[in-house]
Amino acid sequence: MNTFIQSVLSSRAGYGITVLRILIGITFVAHGGQKLFGLFGGYGLEGTGQWMESIGLTPGYFLALLTGATEFFGGLALIIGLLARPAAAALAFAMVVAIFSVHISNGFFLSNNGYEFGLALLAASLAILIEGAGKLSVDNAIAH
């Protein structure tokens, strides 16, 4: 197997990262579903795009699509453990953008719409990026 592909799919992690990967994946799928499809009380692409435009992120509709797709499909990738490192990298980037474009001015705590939750999702994404998908993953099955 190609060395690059082997490094993307391999994992040093055990079973613990599986729990983190699946639960964080579910969280991202839910948030992406809000943005893409209006699920769970979300605003869908139109509403999310309008909101993004209102805070200066343009073009809003395209960025809503990009963000929603990253969260939804990246979350699915985490849940099944397929291409978990690339998915975690994309999700980490999305969280950095969310923290600095939306939450940083509100302080730390979630109760004030601060960056606390985004930081936790960023930390989990970085852990998966560093450690890989773990033993119970499609990536691990392919690598071995």
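The model is predicted, so local features need pLDDT of at least 70 and side-chain atom pairs count only at pLDDT 80 or more, while totals for chains, interfaces and linings use all residues. Residues are numbered from 1 along each chain as its sequence is written, and side-chain values use heavy atoms, with hydrogens and water left out.

**Helix α5 and the cores**

A nonpolar core here is a set of buried Ala, Val, Leu, Ile, Met, Phe, Trp, Tyr and Cys residues joined through side-chain atoms within 4.5 Å. The largest one has 19 residues, and I24, F28, L78, M95 and I128 touch the most other members. Helices α2, α4, α5 and α6 each supply at least two residues of this core, and the largest share, 8 residues, comes from α5. Leaving out residues up to four places away in sequence, F28 is in contact (heavy atoms within 4.5 Å) with E71, F72, G75, L78, L91, M95, L121 and S125. A second, separate core of 6 residues includes V29, L36, L45 and F72.

**Aromatic pairs**

Rings of Phe, Tyr and Trp (its six-membered ring) pair if their centres lie within 6.5 Å; planes under 30 degrees apart count as stacked, over 60 as edge-to-face and the rest as tilted. The whole structure holds 4 aromatic pairs, among them these:

| Pair | Centre to centre | Between the planes | Type |
|---|---|---|---|
| F37 and F72 | 5.3 Å | 85° | edge-to-face |
| F108 and Y115 | 5.4 Å | 85° | edge-to-face |

F37 in helix α2 and F72 in helix α4 are 35 residues apart, so their pair links distant parts of the chain.

**The largest pocket**

On a 1 Å grid over the protein atoms alone, a cavity is a set of points where a 1.4 Å probe fits but cannot get out, and a pocket is an open set with protein on both sides within 12 Å along at least five of seven lines; lining residues have an atom within 4 Å of a point. The largest pocket contains about 900 Å³ of space. Its lining has 33 residues, of which K35, W51, T67, E71 and A98 are the closest to its centre. Two or more lining residues come from each of α2 (16-37), α3 (44-54), α4 (60-80), α5 (84-103) and α6 (116-131), and α5 gives the most, with 10 residues.

S137 lies in the loop between α6 and α7 (138-143) and is buried, with a relative accessible area of 11%. Beyond its neighbours within four places in sequence, S137 touches R21, I80 and G81. A143 belongs to helix α7 and is buried too, at 13% relative accessibility. A143 and Q6 are 137 residues apart in sequence and 6.1 Å apart in space, C-alpha to C-alpha.

Methods. Grid points are joined across faces, edges and corners, and a volume is the space filled by probe spheres set on the points. Helices (H or I, at least four residues) and strands (E, at least two) are DSSP runs, numbered from the N terminus. Buried means under 20% relative accessible area, exposed over 50%, partly exposed in between (1.4 Å probe, protein chains only).
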